[in-house]
Amino acid sequence: MLGKKLGIYQWLSLVILMTGIALVQWPTEVTSSTKELDLTTGSQLMGLLAVLVACFSSGFAGVYFEKILKESKQSVWIRNIQLGVFGLIFGLGGVFAYDGERVQENGFFQGYTSLTWTVVALQALGGLVIAAVIKYADNILKGFATSISIILSTLISYFLLEDFDPTSVFFLGAMLVIAATFLYGYESTPAGNTSKV
């Protein structure tokens with residue numbers, strides 16, 4: 001779609017990144033008191049198909065968004081406003097469908113605190129940063145940035161909130177993500193092209 005080809009190191013780094021993120025997000029707690037569910041082959045297959053559809057549709061949407069941003073003469077700001085209007089329409093539809101009565105009684109911003117406003121501002125800023133990254137870099141680098149942010153969020157959860165105990169699987173996954181990030185930017189030099197100083 002974008003006419004871009006990836007080298008062997010880029011493909012290898014994407015596989016390593018996928019493995020690393022899977023390990024980072026691996027469940028850490030397994031209690032013996034929970035009953036194991038008897039999963040049928042049909043439900044496992046349906047779950048796998050749902051994940052595959054979500055991955056492919058998300059990937060297509062990301063690549064299409066990159067194509068729109070890079071091929072259009074509109075600024076990132078205008079594109080964000082256009083996307084925001086669609087999000088606003090669907091978001092307001094959901095709010096009034098599920099909480100319409102409460103919004104009419106108590107107002108739209110009921111229960112908003114300073115923490116809520118901080119989260120809203122951070123989400124808005126994150127959307128602008130993502131659009132800029134996709135416009136000036138690419139969708140794959142956004143995936144690497146998201147992966148690093150998952151690790152950083154987990155570490156902040158460990159050091160500041162003290163509600164996460166990292167396991168060796170987490171550390172292995174984090175190391176794979178960091179290695180994949182460096183590997184993606186690696187460019188091999190041909191053996192005959194060595195320059196002497």
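Predicted model: local features only at pLDDT ≥ 70, side-chain atom pairs only at ≥ 80, totals over all residues.
Two residues are in contact when heavy atoms of theirs lie within 4.5 Å. Keep that in mind as you go through the views below.

View 1. Residues are numbered from 1 along each chain as its sequence is written, and side-chain values use heavy atoms, with hydrogens and water left out. The protein has six helices and zero strands, where helices (H or I, at least four residues) and strands (E, at least two) are DSSP runs numbered from the N terminus. Along the sequence, the pattern reads α-α-α-α-α-α. Of the contacts with a separation of 6 or more, 77% join residues 24 or more positions apart.

**View 2. Here is the surface and what it covers.** The protein exposes about 15,200 Å², and carbon and sulfur atoms supply 67% of that area. Accessible areas come from the Shrake-Rupley method with a 1.4 Å probe; for residues, only the protein chains shown count as cover. Of the 197 residues, 18% are buried, meaning under 20% relative accessible area, while exposed means over 50% and partly exposed is in between.

View 3. Helix H3 (76-106) and helix H4 (114-136) each supply at least two residues of the patch. H3 gives the most, with three residues, and Leu 88 lies in this helix.

View 4. Helix H6 spans residues 168-184 and includes Ala 174. Ala 174 counts as buried because its relative accessible area is 7%. Beyond its neighbours within four places in sequence, Ala 174 is in contact with Val 24 and Ile 151. Although Ala 174 and Val 24 are 150 residues apart along the chain, their C-alpha atoms are separated by 6.3 Å.

**View 5. Now look at Ser 157 in helix H5.** Ser 157 belongs to helix H5, residues 139-161. With 15% relative accessibility, Ser 157 is buried too. Setting aside neighbours within four places in sequence, Ser 157 is in contact with Glu 162, Asp 163 and Phe 164.

How values were computed
Buried < 20%, exposed > 50% of the residue type's maximum accessible area, 1.4 Å probe, protein only.
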